Amino acid sequence: MSAVSSPPVLYSLRNCPYAVRARMAVYLSGQSVQLRELRLDNKPVKLLEASPKGTVPVLVLPCGEVVEQSLEIMLWAFRTNDPDNYLLDDKLDRQQEMFSLIALFDEEFKTCLENYRSAKRYHDPELLTQRQSCERYLQLLELKLLKHQYLVSDNPCLADLAILPFIRQFSRVERQWYRQSPYPKVRDWLSGYLQSRMFSKVMTKFPVWSECNEQVTFKAL
């Protein structure tokens with residue numbers, strides 16, 4: 001009889017947006033992983049052996065393959081099991097729109113968001129300018145959400161999960177302004193996710209991993 005293989009190992013950090021989106025995909029695809037929650041000021045040797053870059057998330061598959069980028073982890077999860085069609089494999093035009101939107105936010109919005117967060121943190125007089133740079137992307141999402149319930153269609157897809165953690169960060173920079181901002185559809189979309197059972201499970205606080213601790217299994221229940 002062949003031995004049962006160990007589950008993949010996912011190195012994670014609860015409040016890292018990249019780790020959050022990877023965990024959402026793992027959860028919604030029904031995967032089971034061994035979750036290793038970290039503190040970045042005390043990176044375990046096993047993480048650095050698997051991925052010298054030392055950032056999260058990192059997925060180590062039973063075969064030894066290492067997946068080091070959050071989007072690639074999301075794709076691994078849904079290519080393994082995608083009962084709700086998050087990858088839009090039957091809608092190639094929508095799929096192209098989905099990946100283009102993810103790229104736009106990963107490559108452009110994330111930089112604007114970091115500048116905005118930094119301006120707020122350091123009381124930069126350019127705060128308004130930095131927020132307005134971000135708003136161009138929120139306007140795009142608002143227009144999309146005026147047409148359908150989620151970012152690409154009336155059903156959620158990879159883009160919703162990939163972009164959500166960054167909009168969550170944006171919403172926390174100037175909370176009062178955000179609550180009154182001219183993006184009601186974006187607020188409803190974000191709020192729907194943040195109040196969901198899925199997000200609550202994904203954001204469960206786990207103990208920091210060490211080899212002495214009991215293994216933590218993370219999966220949809």
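**Helices and a strand pair**

Mentor: The axes of H5 and helix H8 (residues 184-194) come within 8 Å and cross at roughly 80°. That makes H5 roughly perpendicular to H8 (65 to 115 degrees). This is a predicted model, in which local features need pLDDT of at least 70, side-chain atom pairs count only at pLDDT 80 or more, and totals for chains, interfaces and linings use all residues. Residues are numbered from 1 along each chain as its sequence is written, and side-chain values use heavy atoms, with hydrogens and water left out.

Trainee: Which residues of H5 and H8 meet?
Mentor: Leu138, Leu141, Glu142, Leu145 and Leu146 in H5 meet Pro184, Lys185, Val186 and Trp189 in H8, where contact means heavy atoms within 4.5 Å.

Trainee: And where is the kink in H4 centred?
Mentor: On Phe109, and the kink is about 40°. The bend at a residue is the angle between axes fitted to the seven residues ending there and the seven starting there.

Trainee: Is Phe109 buried or exposed?
Mentor: Phe109 is one of the buried residues of H4; buried means under 20% relative accessible area, with a 1.4 Å probe and protein chains only.

Trainee: Which helices do the buried residues of H4 pack against?
Mentor: They pack against H1 (17-28), H3 (70-80), H5 (127-147) and H6 (158-173).

Trainee: New topic: in which sense do S2 and S5 pair?
Mentor: Strand S2 (residues 32-37) pairs with S5 in the antiparallel sense over 4 bridges; pairing requires at least two bridges found by DSSP. Leu35 stands opposite Val216 in S5.

Definitions and conventions
Helices (H or I, at least four residues) and strands (E, at least two) are DSSP runs, numbered from the N terminus. Buried means under 20% relative accessible area, exposed over 50%, partly exposed in between (1.4 Å probe, protein chains only). Axes are lines fitted to C-alpha atoms, for helices over the stretch in contact, and angles run from 0 to 180 degrees between N-to-C directions. Angles under 35 degrees count as roughly parallel, over 145 as roughly antiparallel, 65 to 115 as roughly perpendicular and the rest as oblique.
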